[in-house]
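Please study the structure shown here and work through the exercises in order. Each task is followed by a solution in steps.

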Amino acid sequence: ARRVAILISGGGSNMLALLDSMRGDHPARPCLVLSNEPDAAGLVHASQRGVPIAAVDHRPFAGDRAAFEAALMRPLEAANPDIICLAGFMRVLTPGFVTHWQGRMLNIHPSLLPKYRGLHTHTRALAAGDSEHGCTVHQVTGALDDGPILGQARVPVLEQDTAQTLTARVLEQEHRLYPAVLKRFVQGNRAPLYLK
Ligand code: GAR
């Protein structure tokens with residue numbers, strides 16, 4: 001089976017959706033859940049499912065991204081993943097790190113890219129008066145929230161929506177989209193998947 005490492009920073013609901021999908025005849029298995037937040041709730045959940053976990057706190061590196069990434073590489077290389085899934089990993093990665101894993105690293109972003117790269121995507125979609133919003137899984141390249149799109153799922157924006165209700169509606173689709181895209185990716189399918 002292909003080996004998948006998942007990088008998180010928080011609750012890890014996308015990570016759990018990915019873990020739950022890698023069972024039975026799925027062509028991949030999780031080999032590591034890695035967090036830059038030692039207290040990330042997701043680490044506990046992964047550990048309870050018997051998946052190896054590691055944490056590398058970014059704070060002691062005080063903005064030295066290269067040194068932080070060198071420290072991330074240790075548990076990663078020990079786990080020897082074929083594929084890395086960023087799942088709510090909230091640190092920007094340097095071109096050096098990205099190049100090392102190029103073609104093998106996926107990210108999920110809570111907008112319909114190329115709209116709303118960066119943070120606060122739901123607030124921005126609401127402020128723009130968009131009638132549709134959603135999420136994107138893409139391959140990670142040197143440019144932030146860019147790279148070949150592997151899948152998208154759309155949701156309607158409702159008149160009474162707040163950032164909170166819209167976040168929840170998109171997150172539900174993230175949990176469908178990311179496992180579906182990962183499975184196709186492991187099977188060698190790079191054609192974008194558009195979920196309705
Ligand atoms: C998800 O909505 C993910 O798309 C987003 O953070 C959330 C993490 O939730 N990622 C980004 O904003 C990346 N810049 P989770 O920890 O429950 O999966």
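The exercises below treat a pocket, a pair of helices and a loop.

This is a predicted model, in which local features need pLDDT of at least 70, side-chain atom pairs count only at pLDDT 80 or more, and totals for chains, interfaces and linings use all residues. Residues are numbered from 1 along each chain as its sequence is written, and side-chain values use heavy atoms, without hydrogens and water.

**Exercise 1.** Determine which residues lie nearest the centre of the largest pocket and which helices and strand each supply at least two lining residues.

*Solution.* Step 1: a pocket is an open set of points on a 1 Å grid over the protein atoms alone where a 1.4 Å probe fits, with protein on both sides within 12 Å along at least five of seven lines; lining residues have an atom within 4 Å of a point. Step 2: 37 residues line the largest pocket, and Gly88, Phe89, Met90, Ile108 and His109 lie nearest its centre. Step 3: at least two lining residues come from each of H1 (13-21), E5 (105-109), H5 (121-127) and H6 (163-186); helices (H or I, at least four residues) and strands (E, at least two) are DSSP runs numbered from the N terminus.

**Exercise 2.** Decide how H1 and H6 are oriented to each other.

*Solution.* Step 1: their axes, lines fitted to C-alpha atoms over the stretch in contact, with angles from 0 to 180 degrees between N-to-C directions, come within 9 Å and cross at roughly 40°. Step 2: H1 and H6 are therefore oblique to each other, the class left after under 35 degrees (roughly parallel), over 145 (roughly antiparallel) and 65 to 115 (roughly perpendicular).

**Exercise 3.** Describe the peptide bond from Leu113 to Pro114 and locate Pro114.

*Solution.* Step 1: this bond is cis, with omega near 15°. Step 2: Pro114 belongs to the loop between E5 and H5.
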